[in-house]
Amino acid sequence: MNYFKLSIFLGVVLSAYYYLDTYVLPTLYIFDPEVLHGIVKDSLAIVPPGNTTALFYEINTRLRNVYGDNINPYNTDDWMFNNAGNAMGSMFIQHASISEYLIFFGTAIGTEGHTGVHPANDYFYILKGEQWVHDLGDPDPIIYKPGDVHLLKRGSVQQYSMPTTCFALELAQGWIPAMLPFGLADTLFSTLDLGTFARTAYFTGKAMIESALRGKF
Ligand SMILES: *[C@@H]1O[C@H](CO)[C@@H](O)[C@H](O)[C@H]1NC(C)=O
């Protein structure tokens, strides 16, 4: 192997990655984390406490008012289970594209696991219940409640739990396809739930293709 050519090649690839990551990726984002936080807080204020389904409809309607067809209409039939990082919950995909996803995620009974290490910022807006977070070196849990937002910064790692019922609106901004292996590994190597695998691939692929056809990457 010619090391001179190899180093030129690596230099070109790394420069292209740096350029795309720094200058192109952020221009693809349409969701504003502050706008989402406002929608969550306003919805929590008007929906009767205890009716989480009504909250999902309210937030989804408000999201569609701001972001139009980039948001799938809420539908209670289109949830799917998700196993990742040893945690189990369920999700409803509102939006997926190359640079962003926006989902409802949670569990009726609680779960615990590894956040994953992602090339994306992850905003977790609590709608119901509590999310507990363990930061390395901190012996006390950080507790997020309805209306709070937990930002898991790109590249960082934590242990998290939903001690009991907890649902959230989750926004990820970054390299979404690079997050998918973490989202599917527990299914392929542990649960072997091929029905859920097919459902996840179908809804994710559908959302990503529809976004691309609208010119949203
Ligand atoms: C909760 O909200 C949903 C959607 O608006 C509604 O269909 C349902 O009847 C409500 N449930 C209760 C117990 O009020």
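Which residues are around the ligand? They are Asn51, Ala54 and Tyr57, where near means that a heavy atom of the residue lies within 4 Å of the molecule.

## Basis of the model

This is a predicted model, in which local features need pLDDT of at least 70, side-chain atom pairs count only at pLDDT 80 or more, and totals for chains, interfaces and linings use all residues. Residues are numbered from 1 along each chain as its sequence is written, and side-chain values use heavy atoms, with hydrogens and water left out.

## Ligand site

A side-chain N or O atom of asparagine 51 is 2.4 Å from an oxygen atom of the ligand. On its own the ligand has 360 Å² of accessible area (Shrake-Rupley method, 1.4 Å probe), and the protein covers 28% of this.

## Helices 2 and 3

Helices here are DSSP runs (H or I, at least four residues), numbered from the N terminus. The axes, lines fitted to C-alpha atoms over the stretch in contact, of helix 2 (residues 33–46) and helix 3 (residues 52–67) come within 9 Å and cross at roughly 140°, with angles running from 0 to 180 degrees between N-to-C directions. Helix 2 and helix 3 are therefore oblique to each other (angles under 35 degrees count as roughly parallel, over 145 as roughly antiparallel, 65 to 115 as roughly perpendicular and the rest as oblique).

Contact (heavy atoms within 4.5 Å) involves residues including Val35, Leu36 and Ile39 of helix 2 and Leu55, Glu58 and Ile59 of helix 3.

Technical notes
Polar contact = N/O pair within 3.5 Å; in protein donor to acceptor, adjacent residues only side chain to side chain. Helix = DSSP H or I, 4+ residues; strand = E, 2+ residues; numbered from the N terminus.
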